[in-house]
Amino acid sequence: MQNKPLDRLPPLDLLLSFEAAARHLSFTKAATERFVTQSAVSRQMRALEEELGLTLFTRKHRALVLTAEGQRLLASCTSALSTLRGTVRELRTPQQREMLALTTTPGFASLWLIPRLTAFTRAHPGIDVRMDATLDNRNLAAEGFDLAIRYLPIGRSGGQRLFEEAMVPVCSPRLTAELEQPLRQPSDLARHTLLHLAMDSDVSGIPGEWEPWLQAWGLVDLRPAAKLSFTSYAEAIAAAVAGQGVAIGRRPLVDALLANGQLVTPFDAQVASPRAYQLMVDLASRSRPAVRAFEQWLLEQAVATRA
């Protein structure tokens with residue numbers, strides 16, 4: 001019987017499924033990403049283990065753990081697939097144009113980045129930007145992204161700080177003009193509707209994004225007249241502009257709306273946010289002129305914003 005060559009590669013389809021399963025440590029999530037069934041991924045992983053003659057996963061009750069061999073294969077797959085995706089992307093893009101891929105949060109994208117993006121595209125007409133606005137924490141190398149702007153606790157490092165935030169209640173000017181329900185001091189919020197994110201509420205019922213501000217102003221027991229929740233921060237701000245209630249304004253994200261009068265701060269009650277925006281750049285992507293140009297532009301915009 002002829003022995004298999006030791007360097008014979010397994011089918012690419014098996015390696016792609018392995019990389020997804022190892023990254024998520026879940027056959028189910030890998031199946032969703034690969035558009036196949038969970039049982040198909042499970043069969044693929046057994047076929048790959050048989051092909052290599054070793055165990056890649058330790059299968060526990062409702063959990064997967066990579067073996068030492070699995071960890072080595074994941075590191076190689078991540079590097080090789082990142083290089084392959086980058087080459088394919090360049091081949092698919094006309095030579096006279098460059099494309100870069102950016103992932104960030106929906107609120108940051110719609111309120112801060114998109115209004116400024118025209119300035120970059122006008123200055124760099126040969127660069128196309130693909131934006132992924134999501135709350136998911138993308139793996140840059142594995143998922144084909146060049147840059148990420150992430151909303152992280154201030155103590156967490158790993159990227160370049162763009163700017164910090166300040167939190168202040170914001171609303172439509174119409175609410176501050178009401179005589180029956182005045183909005184002149186923080187305690188007046190009890191007469192109004194608070195706008196917040198649906199996923200962000202603690203066990204007491206206080207919207208999580210409001211909690212640091214209410215604590216700072218000694219209003220932890222405040223109970224608003226009503227609450228409206230939204231799936232994204234941009235939606236909550238749009239509701240505030242429409243006069244549907246009071247939102248926590250994250251400055252500088254809402255600064256343009258304050259400047260043009262669509263929003264106002266009913267009282268001067270600003271509190272420093274525990275989070276900041278940080279820029280991450282994939283190490284391999286930084287060698288590309290388009291990525292370096294976009295990184296430099298973002299840093300310049302951040303300096304102007306802080307100023």
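Helices (H or I, at least four residues) and strands (E, at least two) are DSSP runs, numbered from the N terminus. The structure is a predicted model, in which local features need pLDDT of at least 70 and side-chain atom pairs count only at pLDDT 80 or more, while totals for chains, interfaces and linings use all residues. Residues are numbered from 1 along each chain as its sequence is written, and side-chain values use heavy atoms, with hydrogens and water left out.

Eight strands form an open sheet of mixed pairing, in the order β4-β3-β5-β10-β6-β9-β7-β8; two strands are taken to pair if DSSP finds at least two bridges between them. The edges are β4 and β8 (226-230), each of which pairs on one side only. From one strand to the next, the twist averages 30° (axes are lines fitted to C-alpha atoms, for helices over the stretch in contact, and angles run from 0 to 180 degrees between N-to-C directions). In general, the strands of a sheet pair through backbone hydrogen bonds, either parallel or antiparallel. Here, β3 and β5 run parallel and are joined by three bridges, with leucine 147 of β5 as the bridge partner of leucine 102. By contrast, β5 and β10 are antiparallel and joined by seven bridges; proline 153 has arginine 275, in β10, as its bridge partner. Strands β7 (residues 193-197) and β8 pair in the parallel sense over five bridges, and leucine 197 is partnered by phenylalanine 230 in β8.

Five of the seven residues of β5 are buried, where buried means under 20% relative accessible area, exposed over 50%, and partly exposed in between (1.4 Å probe, protein chains only). Threonine 104, in strand β3, counts as buried because its relative accessibility is 3%. The side chain of threonine 104 reaches the backbone oxygen of isoleucine 149 at 2.9 Å. Apart from residues up to four places away in sequence, threonine 104 touches Ala109, Asp132, Ala133, Thr134 and Ile149, contact being defined as heavy atoms within 4.5 Å.

Helix α11 (residues 289-306) lies across β3, β4, β5, β6 and β10, and runs at about 40° to β6. The expected span of a helix is 1.5 Å times one less than its number of residues; for the 18 residues of α11 this gives 26 Å, in agreement with end C-alpha atoms that are 26 Å apart. Buried residues of α11 include Phe294, Trp297 and Leu298, and the elements covering the buried residues include α5 (106-123) and β10 (271-281).

A nonpolar core is a set of buried Ala, Val, Leu, Ile, Met, Phe, Trp, Tyr and Cys residues joined through side-chain atoms within 4.5 Å. Of the 39 residues in the largest such core, Phe108, Leu147, Ile237, Phe294 and Leu298 touch the most other members. Helix α11 supplies the largest share of this core, seven residues. A second, separate core of 20 residues includes Leu14, Leu15, Ala30 and Met45.

Most residues other than glycine have a negative phi, and most peptide bonds are trans. Leucine 25, in the loop between α1 (12-24) and α2 (27-34), has a positive phi near 50° and counts as partly exposed at 40% relative accessibility. Phenylalanine 35, in the loop between α2 and α3 (38-52), has a positive phi near 60° and counts as exposed at 78%. The peptide bond from arginine 251 to proline 252 is cis, with omega near 20°; proline 252 is found in the loop between β9 (246-251) and α10 (255-259).

Notes
Polar contact = N/O pair within 3.5 Å; in protein donor to acceptor, adjacent residues only side chain to side chain.
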